[in-house]
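Thank you for making time this morning.

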Amino acid sequence: MNIIVCDDNKVDLKILRKNIIDCLSETDIEVQIDTFQDASALTEDLLAKCDILFMDIYMPNTNGFELVKEKLDSIHGQVVFVTATPDFAVDAFSVNARHYLLKPVTPEAVREALTRCMEHMGPQSEASSVIEVKTSLGTTSIPVERIVYIEVFNKISTIYVRHSEFQTYTPLGSLYESLNPDNFMRPNRSFIINMDYIEDFQYDHIVLKGGNRINLSRQNRKQLREQYQNYLLNKEKDLSQ
């Protein structure tokens, strides 16, 4: 497992690294931990190979949250924010953060963060975190967390994931039934969206990260807003636990 810890404070960096090592010493997982005090050293290649990124938010000349948001497409692993204040707790889940650690970090908190991350990396979560669809290439397994949105046109459902897309004749309704409504919304007859990728929620439309604008069904606007509010509440509870 490859872990990156980025914190400008040398003492905090050392403590967090030791806590991670101590927690993983209880397992048989081989781990490589790279530490950085300067966020500018985090290249896209390093982020792409990272399984878990522990990112401090407040650093000189750098905001860790903004850096993750900017390089989100390069980050394929789990993100854990580390900071002295809970001010960014709500924003953290907008970039799919898995956990949020408050300083001073404790071994118990680090263990919980690692457990949450590994639950989404291990074989137990694999079956529940992919959907299988029939495409022109045969049956394809698609990681649910990578789905940004799904659009149907001329009876063809196109599943848009980060950096790729898949087409299937599976009806949109069937695809929606295979997804968790706590994370996925059907804003109108033609779309399914992953609420993790919502940038802005307006009265009659939503804007996804990347700029795609999708209209909300006139008949279901109230229910759709309630669904999104429940999603936000659940995410906030997860991060505060």
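Before I name any residue, let me say that I call a residue buried when its relative accessible area is under 20%. Please also keep in mind that this is a predicted model, with a mean pLDDT of 87 for the protein and 91% of the residues reaching 70 or more. There is one stretch to treat with caution, residues 123–128, where pLDDT stays under 50 and where the model has 2 contacts beyond four places in sequence. Where pLDDT is low, the predicted coordinates should not be read in detail.

Now to the rings: how many aromatic pairs does a search of the whole structure find? The search gives 5 aromatic pairs, and I will describe two of them in turn.

In one of these, the ring centres of Tyr149 and Phe191 lie 6.0 Å apart and the planes meet at 40 degrees, so we call the pair tilted. Tyr149 belongs to strand 10, residues 147–153, while Phe191 belongs to strand 14, residues 191–194, and the pair therefore links distant parts of the chain, 42 residues apart.

Because Phe201 sits in strand 15, residues 198–201, and Tyr228 in helix 8, residues 221–240, the pair ties together parts that are 27 residues apart in sequence. Here too, both Phe201 and Tyr228 are buried.

Key
Residues numbered from 1 in each chain as written. Predicted model: local features only at pLDDT ≥ 70, side-chain atom pairs only at ≥ 80, totals over all residues. Heavy atoms only, no water. pLDDT = per-residue confidence, 0-100. Contact = heavy atoms within 4.5 Å. Phe/Tyr/Trp six-rings, centres within 6.5 Å; stacked < 30°, edge-to-face > 60°. Helix = DSSP H or I, 4+ residues; strand = E, 2+ residues; numbered from the N terminus. Buried < 20%, exposed > 50% of the residue type's maximum accessible area, 1.4 Å probe, protein only.
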